Amino acid sequence: MTADLQRGPTLEDLITSDPEIMSGRRVFRGTRVPVEVLFENLADGLSVDEILDAYQTLDRDDVVRVLTLASRSLAGSEAA
């Protein structure tokens, strides 16, 4: 699985910022869902499944990948 994470999409592949979309807030690519919504909902105790149910434009693989990359980045590991 580690090799797959290293070859998978980067945060730049998964997240975008455009002044025309949500006033430039960072959103999951192809959606209008700000990335901060994921972390806020997790902090409020929602599960990934509950978040995916609430924001149906989100892709499970993308959410898991963002969480993995964020965790690695915060831990000081190399973020692929």
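In which part of the protein is M22 found?

Modeller: M22 is in the loop between β1 and β2. Residues are numbered from 1 along each chain as its sequence is written, and side-chain values use heavy atoms, with hydrogens and water left out. This is a predicted model, in which local features need pLDDT of at least 70 and side-chain atom pairs count only at pLDDT 80 or more, while totals for chains, interfaces and linings use all residues.

The element names come first. Helices (H or I, at least four residues) and strands (E, at least two) are DSSP runs, numbered from the N terminus. The protein has 5 helices and 2 strands, in the order α-α-β-β-α-α-α from the N terminus.

Now the loop itself. M22 is not a glycine, yet has a positive phi of about 55°. S23 lies in the loop between β1 and β2 as well, and its phi, near 55°, is again positive in a residue other than glycine. For cover, buried means under 20% relative accessible area, exposed over 50%, and partly exposed in between, with a 1.4 Å probe and protein chains only. M22 has a relative accessible area of 25%, so it is partly exposed. S23 counts as exposed because its relative accessibility is 72%. Across the protein, 26% of the 80 residues count as buried.

The next loop, between β2 (27-28) and α3 (35-43), holds T31. T31 counts as buried because its relative accessibility is 11%. A contact means heavy atoms within 4.5 Å. Apart from neighbours within four places in sequence, T31 is in contact with I21 and T57. A polar atom of the T31 side chain also lies 3.0 Å from the backbone nitrogen of V33.

Just after α3, G45 has a positive phi of about 100°.

α5 has 16 residues and spans 22 Å from its first C-alpha to its last, close to the expected 22 Å; the expected span is 1.5 Å times one less than the number of residues. At the start of α5, a side-chain oxygen of D59 comes within 3.1 Å of the backbone nitrogen of D61. The buried residues of α5 are V63, R65, V66, L69, A70 and R72. Just after α5, G76 takes a positive phi of about 90°.

Last, the core. A nonpolar core is a set of buried Ala, Val, Leu, Ile, Met, Phe, Trp, Tyr and Cys residues joined through side-chain atoms within 4.5 Å. The largest one has 13 residues, and those with the most contacts inside it are F28, L38, L58, V63 and V66. At least two residues of this core come from each of α3, α4 and α5. Leaving out residues up to four places away in sequence, V63 touches F28, L38, V48, L52 and L58.

Key: Polar contact = N/O pair within 3.5 Å; in protein donor to acceptor, adjacent residues only side chain to side chain.
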